[in-house]
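Please read the structure below with its sequence beside it. The paragraphs that follow go through it part by part.

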Amino acid sequence: GPVRTIALLGATGSIGGSTLDVVARHPDRFRVGALSAHSRVEELLSLCARFRPEAAVVTDPAAWPALREGLRALGLATRALAGQEGLQEVAADPSNDTVVAAIVGAAGVASTLAAARAGKRLLLANKESVVLAGELLVQAVREGDATLLPVDSEHNAIFQCLPADGSRQGVRRLLLTASGGPFRGRRREQLADISPDQACAHPNWSMGRKISVDSATLMNKGLEVIEARHLFGLPPEAIEVVVHPQSVIHSLVDYVDGSVLAQLGNPDMRTALAHGLAWPERIESGVAPLDLAALARFDFERPDHEAFPCLGLAYRALAAGRGATAVLNAANEVAVSAFLQGRLAFLGIPDLIQASLDVLPGGLTDSLDELLALDAQARRVAESLIDRGRR
Ligand code: NDP
Ligand code: MG
């Protein structure tokens, strides 16, 4: 295939590192055109030294002088860019044909949309941008003639199991698998004293701290149901969640004739990333072959909505419409960050999201500006509810 030039947004994160691991295995196929971080300049500089991109971006403007100086000290010709403007510039730059959206949180939304409008091959990990602006993203992909390749493992699995012609012919249901997280099997009262480090110790996957907490509350699956609704266009009633603790079956598609197709693999994000990078071809990812006899068994169970109310909150926000999912996402980002800082208990996460939705059930959602205003308003509501709870 052609040599692809990649803009990797969120290069210093967990998905960023897995992407670069796959890319480095295929120097004849991929070039790195741009790398971004938020504020961790030293980590970004060491990636620049190794991959020699044309541009590097820090979204925190305070980090820009150190980036520029560091690139100069390394003797690199890499341009130093800053802020959301810098991100959007590399996402739309004609010299990059592929954009990997691997920023965490709604902070990734404008650059994800910019890549879609510019018609890129868009590998989408940044699920919060879909939850915030799913309709706008689908429209931007259509208008920009972009190629959207989901790399969230469940959505990548579903993409692989849907009809190859892009239709939904004969599809009855999408079955999203959930590991259940580190606290699967616990009752609500056994979740009172969970610490951030306990919540971030996922049994199967090694990930950034925000998504690790989302996996522990099951909000990750709630965000993924909303993501699936937008990416695949099926109604919420046709999207179901089943707990599968081994995380080997990444998701399934149920057809009207009773056939159920699944995609399996070891729990390692490099499989989905290699699929998105090379599609429709297949390339080596470095992931070990699956050893079914060593696994011995697959288990399944229903999600426990009482101990983990976040999944139900996500379905309810999806049904409510009018921007309720944007409020849900913003309140969750505030709640997770407060939990990681020790300002909110683990069980306070669903309570805060529910309370935020009670105060602010939705708002205007026709443009990115309106959605960003709603996102900002929801963050203020959630922060003030935390303050009130601490007084
Ligand atoms: P990490 O926390 O490991 O990395 C986040 C990346 O985003 C870093 O490069 C970070 O820069 C950058 N970043 C953080 N805040 C901002 C901001 N405000 N503006 C711009 N950039 C920012 O996250 P993950 O790699 O775990 O997750 C990334 C996305 O992929 C998330 O949406 C997650 O839900 C999704 N995902 C992740 C999976 C995984 O296995 N990790 C699996 C499926 C989906 P810096 O280092 O400077 O802080
Ligand atoms: Mg996932």
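In an unreviewed entry, UniProt places the feature "domain: 1-deoxy-D-xylulose 5-phosphate reductoisomerase N-terminal" at residues 6–134. The model shown here is predicted.

Next comes a sheet. Strands of a sheet pair through backbone hydrogen bonds, and the pairing is either parallel or antiparallel. Seven strands form an open sheet here, in the order β4-β3-β2-β1-β5-β6-β7, and their pairing is parallel. The edges are formed by β4 (79–82) and β7 (147–150), each of which pairs on one side only. From one strand to the next, the twist averages 20 degrees.

Strands β5 and β6 are joined in the parallel sense over four bridges, and Ala101 stands opposite Leu124 in β6. Helix α5 packs on the sheet, where it touches β1, β5 and β6. The direction of α5 makes about 155 degrees with that of β5.

How many of the nine residues of helix α5 (residues 109–117) are buried? Eight of them are, so the helix is largely enclosed by the rest of the structure. Here a residue counts as buried if 20 or more other C-beta atoms lie within 10 Å of its own. The buried residues of α5 are Val109, Ser111, Thr112, Leu113, Ala114, Ala115, Ala116 and Arg117. What they pack against includes the strands β1 (4–9), β5 (98–101) and β6 (121–124), as well as the helices α4 (83–92), α6 (127–144) and α16 (368–390). After α5 comes Gly119, which has a positive phi, near 75 degrees.

A ligand is also present in the model. Ligand 1 is surrounded by 27 residues, and the closest are Gly13, His38, Ala107, Met207 and Gly208. The elements that give two or more residues to this shell are α1 (14–24), α6 and α9 (209–217). The largest share, three residues, comes from α1. Sorted by class, the shell around ligand 1 holds twelve nonpolar, ten polar and five charged residues.

The UniProt annotation "binding site", again from an unreviewed entry, covers Thr12, Gly13, Ser14, Ile15, Asn126, Glu128 and Gly208. Two of these residues can be looked at in turn. Ser14 has its place in helix α1. Is Ser14 buried or partly exposed? With 19 other C-beta atoms within 10 Å, Ser14 is partly exposed. Leaving aside residues up to four places away in sequence, Ser14 touches Ser206, Met207 and Gly208. Ile15 is found in helix α1. Ile15 has 28 other C-beta atoms within 10 Å and is buried. Leaving aside residues up to four places away in sequence, Ile15 touches Gly10, Ala102, Ala125 and Met269.

Strand β8 (residues 171–178) is mostly covered, with six of its eight residues buried. In which sense does β8 pair with strand β10 (residues 249–255), parallel or antiparallel? The sense is antiparallel, over five bridges, and Arg173 stands opposite Asp254 in β10. With strand β9 (residues 239–243), β8 pairs in the parallel sense over five bridges. There, Leu174 has Ile239 in β9 as its bridge partner.

Methods
Residues are numbered from 1 along each chain as its sequence is written. Chains are lettered from A and ligands numbered from 1 in the order in which they are written. This is a predicted model: local features need pLDDT of at least 70, side-chain atom pairs count only at pLDDT 80 or more; totals for chains, interfaces and linings use all residues. A residue is buried if 20 or more other C-beta atoms lie within 10 Å of its own, exposed if 12 or fewer, and partly exposed in between; C-beta atoms are placed from the backbone. Two residues are in contact if their C-beta atoms, placed from the backbone, lie within 7 Å. UniProt positions are given in the numbering used here, feature names are shortened, and annotations may be inferred rather than shown by experiment. A residue is near a molecule or strand if its C-beta atom, placed from the backbone, lies within 6 Å of it. Ala, Val, Leu, Ile, Met, Phe, Trp, Tyr, Cys and Pro count as nonpolar, Asp, Glu, Lys and Arg as charged, and the others, Gly among them, as polar. Two strands pair if DSSP finds at least two bridges between them. Axes are lines fitted to C-alpha atoms, for helices over the stretch in contact, and angles run from 0 to 180 degrees between N-to-C directions.
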